[in-house]
Amino acid sequence: MEFVLRSLESFGSSLRKSVIGMGRYTLLLREVFYWMVRPPYRVRLVFRQLHFVGNKSFNIILLSSVFTGAVLGLQLGKIFGLFQAEGIMGAATGKSLALELAPVMCGFIVTGRAGAAMAAEIATMRVNEQIDAMEAMGVDPISYLIVPRVLAATLMMPVLSGIFLTLGVLGCYVVGQTLFKVDSQVFLSQLQQLVWVSDIRKGLFKATVFGFILSSVACYRGYYARGGAKGVGEATTQAVVTSLLAILIIDFFITYFQMK
């Protein structure tokens, strides 16, 4: 009986924390949307974050996209080779990259690199009372710290996803040419026929949503960090884990509604 009571108490405590967290996150989003349309417009800060999220993520996007496409080419080429249909390996790779892998992989990569840095930076400012000092000077921390990061990640994610898609198809093309001797004209014609503009548009929409989610979650975790250096580490870990889970869950629902 005591075990049951403790389990119920633990469940109730976790549920209470989750409800409070969702409430705080919703209120933070309200403030973010409010400051997005109200001056001052911090254009310089937005461009600084665009550079941080986009340019500094390019190298890892480059490597991961090329090898992701190459691995897909290896697997699909071997499977399609059983049916003498290696020519459609590029179309299958492009379809999977456009609809799922490009936005999801970019979301994971940007979360691990930029999202974690956002959470750690804002959390450090919170525990060192720099955010409190900003408020005392009349500077709204959400307008100054969070809005530029959310805008930059939301705008840059579809760009990175498009780069990921292009380079991934290129990696598959190289594998098809060197290992499976796929004719270039067949590869490109099948790619054009089976990968539609709507597929690319759906993937870019997903990437935009993922950019907003990962940046807002990272900023939220950092903004409400407590407990010194330990709190910074916990906020960063929670930001990454929560963002990755949110991307996977939201990806399912977006895919479900896009298939209707």
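User: Is Val 241 buried, partly exposed or exposed, and how is that decided?

Analyst: Buried means under 20% relative accessible area, exposed over 50%, and partly exposed in between, with a 1.4 Å probe and protein chains only. Val 241 has a relative accessible area of 42%, so Val 241 is partly exposed. This is a predicted model, in which local features need pLDDT of at least 70, side-chain atom pairs count only at pLDDT 80 or more, and totals for chains, interfaces and linings use all residues. Residues are numbered from 1 along each chain as its sequence is written, and side-chain values use heavy atoms, with hydrogens and water left out.

User: In which helix does Val 241 lie?

Analyst: Helices are DSSP runs (H or I, at least four residues), numbered from the N terminus. Val 241 belongs to helix 9, residues 228–258.

User: How many aromatic pairs are there?

Analyst: Rings of Phe, Tyr and Trp (its six-membered ring) pair if their centres lie within 6.5 Å; planes under 30 degrees apart count as stacked, over 60 as edge-to-face and the rest as tilted. The rule gives eight aromatic pairs. One of them, Tyr 223 with Tyr 224, is edge-to-face, at 5.2 Å centre to centre and 85° between the planes. Tyr 223 is buried at 9% relative accessible area, whereas Tyr 224 is partly exposed at 27%. Ring pairs also link Tyr 223 and Tyr 224 with Tyr 25 and Tyr 220 in a cluster.

User: Which charged residue lies over the face of Trp 196?

Analyst: A charge sits over a ring if NZ of Lys or CZ of Arg is within 6 Å of the ring centre and within 35 degrees of the ring normal. Lys 95 lies over the face of Trp 196, 3.6 Å from the ring centre. Arg 113 lies over the face of Phe 52, at 4.6 Å from the ring centre.

Definitions and conventions: Helix = DSSP H or I, 4+ residues; strand = E, 2+ residues; numbered from the N terminus.
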